[in-house]
Number of protein chains: 2
Amino acid sequence: MNPEKAYAELVRLSRDETVLSSCVDLLEWDQEIYMPRDGVEHRSDQSALLAGLVHDRGTNPRYGELLSAIEGSDFISDPDSPEAVNVRELRRGYDRDCKIPRRLVQELARATARASKVWAQARKENDFKSFAPWLDKVFALSREEADAVGHNGDRYDALLEDYEPGMTAEKLSALFTRLSADLVPLVDSLRGQEAPPNVLEGNFDLDRQRVFTDSIVSAMGFDFDGGRFDLAQHPFCTMIGPGDVRIGTRYFQNHIGRGIFAGLHEAGHALYEQGLDRAHYGTPMGEAVSLGIHESQSRLWENLVGRSEGFWLHFYPQLQGSFHEAFQDVSLETFRRAVNRVEPHLIRVEADEVTYNLHIIVRFELERALLSGDLAAADVPGAWNEAYQRYLGVTPKDDRSGCLQDIHWADGLIGYFPTYSLGNVFSAQIFSAAEAAIGPLEDAFAEGEFLELRRWLGDNIHRHGMRYRSEALIERVTGNSPDPSALIESLSQRYRSNAGTSAGRA
Amino acid sequence: MNPEKAYAELVRLSRDETVLSSCVDLLEWDQEIYMPRDGVEHRSDQSALLAGLVHDRGTNPRYGELLSAIEGSDFISDPDSPEAVNVRELRRGYDRDCKIPRRLVQELARATARASKVWAQARKENDFKSFAPWLDKVFALSREEADAVGHNGDRYDALLEDYEPGMTAEKLSALFTRLSADLVPLVDSLRGQEAPPNVLEGNFDLDRQRVFTDSIVSAMGFDFDGGRFDLAQHPFCTMIGPGDVRIGTRYFQNHIGRGIFAGLHEAGHALYEQGLDRAHYGTPMGEAVSLGIHESQSRLWENLVGRSEGFWLHFYPQLQGSFHEAFQDVSLETFRRAVNRVEPHLIRVEADEVTYNLHIIVRFELERALLSGDLAAADVPGAWNEAYQRYLGVTPKDDRSGCLQDIHWADGLIGYFPTYSLGNVFSAQIFSAAEAAIGPLEDAFAEGEFLELRRWLGDNIHRHGMRYRSEALIERVTGNSPDPSALIESLSQRYRSNAGTSAGRA
């Protein structure tokens with residue numbers, strides 16, 4: 001077969017599969033946002049049917065024939081060309097899909113559906129014991145999956161590959177060791193300080209929070225003609241297709257920070273999706289490269305932009321206008337310190353940006369041990385509590401606020417957690433590179449000007465899709481391999497100065 | 001093949017096809033309600049892909065094999081059994097789908113997509129000439145479709161069969177002749193009367209209109225756990241699946257009547273869908289029988305319930321509470337007369353319930369003539385204006401408010417219009433039968449009590465799905481064949497008394 005013709009057909013196959021899969025994305029979006037309560041049974045019939053069709057297409061042997069006809073030909077001699085990238089990534093996905101037997105796919109789907117239900121009940125009743133056998137079951141199946149996919153001795157790598165292609169447990173382990181070595185003392189040094197007044201708690205009209213957040217994300221460059229915001233139980237961002245990127249988010253009457261920062265976070269994800277090259281939609285060149293890079297975009301906007309002094313120099317007067325009563329007597333500096341408050345506690349999703357990574361490191365250690373078999377599900381609560389004490393200096397009073405807090409493992413997401421911290425590490429490296437290229441950005445933020453940063457991210461990250469694997473992309477953009485020092489430096493600088501300011505003004 | 005086994009497989013095929021098709025319904029719902037502007041191109045890719053898959057399944061030769069294995073067997077000896085009904089209707093649909101060549105399906109899709117765009121522009125610019133060739137084209141293709149499907153000499157029957165199985169142009173023609181013979185003099189007799197004060201126009205808060213309409217449809221029995229209301233450009237109702245029936249509707253700041261009655265209308269459709277037998281979902285026994293019967297349900301609630309004195313005895317005080325300023329000095333009787341105002345004018349979608357049927361009769365006459373070739377597209381404006389003068393005593397000042405007002409023909413919906421008036425005819429017959437069975441209903445309405453009516457409709461209409469064709473269903477429920485006299489009697493009684501009241505109080 002002529003490689004060019006084969007490639008054209010390959011792209012058509014991939015586009016069709018992506019379009020079909022995007023219908024599942026809409027079903028899921030609707031389920032989170034608008035589906036009436038009693039529609040749930042029919043929705044699972046719809047999703048199962050379409051997911052089956054997507055899987056059939058993903059394992060269509062025609063992929064294998066077409067890929068073989070192209071691989072090794074001159075047509076993809078430049079490894080960074082869109083053609084070569086698409087062939088590389090489609091081969092990876094096709095091989096992976098074919099290696100996992102249909103029986104195992106179905107068993108995983110059934111087991112995680114059941115485990116998620118048991119987990120929800122167990123969390124409610126603080127009853128880890130009832131969940132433990134299901135946790136063992138999910139990890140046993142994940143071991144099977146890893147063996148089916150294949151690995152170089154560490155099963156964890158095979159699972160990680162699904163979220164962060166090219167990353168390994170060994171590299172992660174080295175990176176997290178360095179990260180925790182610096183983070184633990186930083187957290188300790190902040191522990192003794194006087195906490196800033198918690199001006200984020202109070203009574204805040206939900207609709208005004210929404211309007212204020214919309215105005216921020218507009219300024220960031222979120223395109224409302226090509227996307228939308230809705231209210232959801234849990235914040236998320238999903239791309240339905242080109243011109244259609246949707247965010248679900250939530251506001252809290254009694255806390256103004258959580259909703260705003262969740263909005264910035266999800267808008268960071270959305271800018272990435274909106275910045276992908278439409279011409280490549282439906283092929284790897286038009287897809288986000290990894291979860292770690294995705295999270296770097298959300299974290300960059302949430303933390304490095306959204307907690308900066310410049311950012312609030314611009315937005316705080318607007319916030320004061322919208323919530324006059326709450327903030328009329330609160331200085332910008334007090335507010336800024338409130339959104340930069342560090343306090344170790346038990347719940348990951350409520351953690352500040354400094355301690356957050358320690359929550360992740362705990363989970364990474366435990367899931368590696370669970371997968372290798374060094375840790376049994378029954379021993380998770382003890383191991384969890386010990387690790388929390390060691391890294392964060394706090395011990396859960398019960399499993400509900402301990403090892404039962406996250407749905408990920410029940411859902412079969414093993415190897416997913418570390419991408420959150422990778423995102424934090426990447427975000428600081430990328431932001432530092434952006435400032436090196438453009439110059440310091442805080443003055444622009446203070447003017448409400450985010451265009452230059454967004455353009456730079458678009459040119460250097462978004463538009464490349466999967467052209468470079470995450471490590472290669474980071475090296476290309478920052479000149480360094482993945483490295484926690486930019487994050488540590490950024491946190492130290494901001495939080496120690498925060499502490500200094502606190503002391504100076506106390 | 002064993003007929004029972006064949007039937008079980010047939011049901012599975014039909015269910016799967018329905019579930020797949022319901023994914024298209026969600027795509028369309030989302031497109032009407034929430035899809036961001038720039039998502040339109042991708043949405044058409046999604047819809048086209050799924051529609052193609054649905055079509056492939058609908059023409060799967062396995063249907064033919066399974067149906068042949070069942071037909072003629074003892075397994076379906078009772079023609080009213082669910083099995084026999086499903087086999088009868090699946091055969092009808094399968095044969096129809098197979099008879100229309102794929103080329104024609106695609107040509108119709110392309111031509112109507114293009115014709116709809118040209119129509120929208122032509123209407124905007126009041127330029128019928130630019131639309132005329134496309135109207136000819138759509139009718140030419142519809143002739144081809146009718147010939148492919150097959151008919152007994154009248155092509156119109158073949159098209160009508162898609163919306164109202166079993167109905168014929170000849171029967172419709174007889175029915176409409178009787179209807180117009182009584183309607184035209186009724187409209188004439190009302191023409192000279194003093195118009196009631198138009199208290200429905202003013203300035204009405206949109207959100208309060210929504211809340212008020214929600215409270216009405218809740219009282220009607222619309223199940224909000226199994227459905228939802230959203231704002232849409234054009235009112236519609238769609239069933240996504242069991243437990244998920246959705247309405248889109250619209251409110252007008254300057255007119256309180258249009259939104260409320262559109263809400264009742266769509267809720268009437270929704271009660272039908274919510275009243276179908278879930279156990280039969282995905283087969284004809286779980287589907288609405290025809291557009292005419294569907295419309296009878298919406299019209300019954302909109303007109304026979306929603307414009308009744310009892311209904312407003314209950315709801316008018318609530319309306320006065322919600323819109324105090326507008327209605328504090330308006331008596332119930334004045335309000336009731338305002339929602340029962342008759343006035344011939346040019347636009348079908350704004351017509352009152354009396355003149356509405358004359359708008360339909362005009363369209364029925366013209367589309368029959370267009371299909372037979374007796375009328376060329378170029379001559380439509382003249383024929384249209386002549387017919388409006390003859391039936392309604394009004395002449396459009398331009399084609400925008402004349403023959404360019406509806407999208408149906410551009411969209412390829414030939415044979416669709418008459419089901420609107422069939423619905424009106426059926427609604428009066430059904431309501432009259434309901435009162436014969438239950439007793440007069442206005443007292444219950446005045447108490448805000450609609451349960452008995454809804455139950456009766458559920459037992460006699462909704463739960464049967466496609467068990468009986470529309471004519472048979474009407475005969476079964478009312479003891480008569482489709483007959484306009486119940487409608488004429490209902491209208492005469494209500495509107496002549498309305499007139500009497502007016503004269504008495506003038």
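**Where the chains meet**

Select both chains: 29 residues of chain B and 29 residues of chain A make up the contact (two residues are in contact if their C-beta atoms, placed from the backbone, lie within 7 Å). A quick word before you click on: this is a predicted model, where local features need pLDDT of at least 70 and side-chain atom pairs count only at pLDDT 80 or more, while totals for chains, interfaces and linings use all residues. Residues are numbered from 1 along each chain as its sequence is written, and chains are lettered from A and ligands numbered from 1 in the order in which they are written.

Now colour the side of chain B that touches chain A. Helix 1 (3-33), helix 2 (40-58), strand 1 (227-231) and strand 2 (236-241) of chain B each bring at least two residues to it; helices (H or I, at least four residues) and strands (E, at least two) are DSSP runs, numbered from the N terminus. Which helix gives the most? That is helix 1 of chain B, with 8 residues.

**The sheet in chain B**

Next, pick out the open sheet of 3 strands in chain B, with order 1-3-2 and mixed pairing (two strands pair if DSSP finds at least two bridges between them). Strand 1 and strand 2 of chain B are the edges, each pairing on one side only. Zoom in on strand 2 and strand 3 (residues 244-249) of chain B, which pair in the antiparallel sense over 5 bridges.

Helix 1 of chain B lies across strands 1, 2 and 3 of chain B, at about 140° to strand 2 of chain B. Helix 10 (residues 256-275) of chain B also lies across strand 1, strand 2 and strand 3 of chain B, at about 165° to strand 3 of chain B. Axes are lines fitted to C-alpha atoms, for helices over the stretch in contact, and angles run from 0 to 180 degrees between N-to-C directions.

**A helix pair**

Move to helix 17 (residues 418-438) and helix 19 (residues 451-460) of chain B, which pack at about 110° with axes 11 Å apart. That makes helix 17 of chain B roughly perpendicular to helix 19 of chain B (angles of 65 to 115 degrees count as such). Show side chains: B:Ala434, B:Ala437 and B:Ile438 in helix 17 of chain B meet B:Glu452, B:Leu453 and B:Trp456 in helix 19 of chain B.

Note on methods
Parallel < 35°, antiparallel > 145°, perpendicular 65-115°, else oblique.
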